[in-house]
Amino acid sequence: MLNTLIVDDESHCIKRLLYLIDRKPGIFNVIATCKTVDEALKIAQDTPLDLVFLDIEIDDKTGFDFLRQLNHISFKTIFTTAFDNYAIKAFKFSAFDYLMKPIDFDEFNETIARLNEELQSKGHNNSVESLLKNIEQEHPKLLTIPSVEGFETVLVADIVHLEANGNYTYIHTKHKKQIVSKPIKFYENLLDEKLFFKCHKSHLINMEMIKTFNKGKQAYVQMENGNQVPIATRRKDVFLKKFY
C-alpha cells in the first residue's frame, strides 16, 4: 500500500479525496491530512511517504513552498487545484499529474491508473527541479520526458523539431531522437507558438533551428540537425509570412 499524505487547507476537499480513496481499497494508507505547509513538512520529514496529494494554494503559502523546503523528495506528487492557470502548463512540461477541483471520480481513477503503471515501471520520480524552474516562467524552459528508468529533462530551446508517429511523438534535438507516448497535438498546445510552428500535420519545427528553406514544388526546410522537414502546401504562405 502507498503511504499517502493529503495537504489541503479546505476540509471539504480533504473529505472528497478521502471518499475517493475509500473507493479504491488496498491501494492507499493515509498517514495524515494536513491543512498547513508547516504541518505537512513535519510529516514528510519524519515519515517515509510514497504519495502526496498537494493543493497549490494552502492558506498563505503554496504547495511549491512545501516542495522547496524538502531536502530530499522520494515520493510521487499529484497536485490538486481549482485554478486552471499558468501552473497547469508547468505541470505538463514537468510530467506532473494534477487533478482539477472538484475532483471527478473518473479523472481520479485515470490518474491512479497512470500512477500504478509508473510505479510498476519504476519511473515514478518527478522532476521537481524542473517544475520549480518552470513554475516561474510564462513559457517554461525545461521539458520532462518520462522514461523507463525515470525521466530526462530537455531544454525547450534545444528541441529542433517534433515528428508525429500515430499517438506517439519523436522529439529531435541536435544530437538525439527520443520517442514519447503523447500525440503531437499535446506539444502543439504546450509549446510557445511564437517559437514552434506547425508546418505540416505531422511536424512542429523550432523556427530558430532552421538552416535553409527550399521553396520548390515539394517545399521543405533543412534543420540544424541535418533533417529535412516538409512544409505542407497549405502552410507555406503562413510560414513565409513569419519572415516578412
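Accessible areas here come from the Shrake-Rupley method with a 1.4 Å probe, and for residues only the protein chains shown count as cover. This is a predicted model, in which local features need pLDDT of at least 70 and side-chain atom pairs count only at pLDDT 80 or more, while totals for chains, interfaces and linings use all residues. Residues are numbered from 1 along each chain as its sequence is written, and side-chain values use heavy atoms, with hydrogens and water left out.

**Exercise 1: The whole chain**

Task: Describe the surface, the interior and the secondary structure of the protein chain.

Solution: 
- Start with the surface: the protein chain exposes about 13,300 Å², and carbon and sulfur atoms supply 47% of that area.
- Next, the interior. Buried means under 20% relative accessible area, exposed means over 50%, and partly exposed lies in between (1.4 Å probe, protein chains only). Of the 244 residues, 43% count as buried.
- Then look at helices and strands, which are DSSP runs numbered from the N terminus (helices: H or I, at least four residues; strands: E, at least two). The protein chain has eight helices and 17 strands.
- Finish with contacts, meaning heavy atoms within 4.5 Å. Among the contacts with a separation of 6 or more, 55% are between residues 24 or more positions apart.

**Exercise 2: A strand, a helix, a strand**

Task: In which sense do strands S1 and S2 pair, and which hand does the crossover between them have?

Solution: 
- Two strands pair if DSSP finds at least two bridges between them. S1 (residues 2-7) and S2 have six bridges and run in the parallel sense.
- For one of these bridges, find Ile6: its partner in S2 is Thr33.
- Now follow the chain from S1 through helix H1 (residues 11-22) to S2; this β-α-β crossover is right-handed. A crossover gets that name if, with the strands pointing away from the viewer, the path from the first strand over the helix to the second runs clockwise.

**Exercise 3: Aromatic rings**

Task: Which kinds of aromatic pair does Phe53 form with Phe28 and with Phe108?

Solution: 
- Begin with the rule: rings of Phe, Tyr and Trp (its six-membered ring) pair if their centres lie within 6.5 Å; planes under 30 degrees apart count as stacked, over 60 as edge-to-face and the rest as tilted.
- That rule gives nine aromatic pairs.
- Phe28 and Phe53 are 6.2 Å apart from centre to centre, with 50° between the planes, and this pair is tilted. Phe28 is in strand S2 (residues 28-34) and Phe53 in strand S3 (residues 51-55), so the pair links distant parts of the chain, 25 residues apart.
- Phe28 has 8% relative accessibility and counts as buried; Phe53, at 0%, counts as buried too.
- The ring centres of Phe53 and Phe108 lie 6.1 Å apart and their planes meet at 25°, so this pair is stacked. Phe108 sits in helix H5 (residues 105-121), so the pair ties together parts 55 residues apart in sequence.

**Exercise 4: Around Phe197**

Task: What surrounds Phe197?

Solution: 
- Locate Phe197 in strand S13 (residues 196-200). At 4% relative accessibility, Phe197 counts as buried.
- Leave out residues up to four places away in sequence, and Phe197 touches His203, Leu204, Ile205, Met207, Arg235, Val238, Phe239 and Lys242.

**Exercise 5: Around Ala219**

Task: Is Ala219 buried or exposed, and what does Ala219 touch?

Solution: 
- Ala219 lies in the loop between strand S15 (210-214) and strand S16 (220-223).
- With a relative accessible area of 6%, Ala219 is buried.
- Apart from residues up to four places away, Ala219 touches Phe213, Asn214, Pro230, Ile231 and Lys236. The C-alpha atoms of Ala219 and Pro230 are separated by 6.0 Å, although these residues are 11 apart along the chain.

**Exercise 6: Backbone details**

Task: Where is there a cis peptide bond, and what is phi at Asp59?

Solution: 
- Recall that most residues other than glycine have a negative phi, and most peptide bonds are trans.
- The cis bond joins Lys101 and Pro102, with omega about -10°. Pro102 is in the loop between strand S7 (97-100) and H5.
- Asp59 has a positive phi, near 55°. Asp59 belongs to the loop between strand S4 (57-58) and strand S5 (61-62), and at 57% relative accessibility Asp59 counts as exposed.
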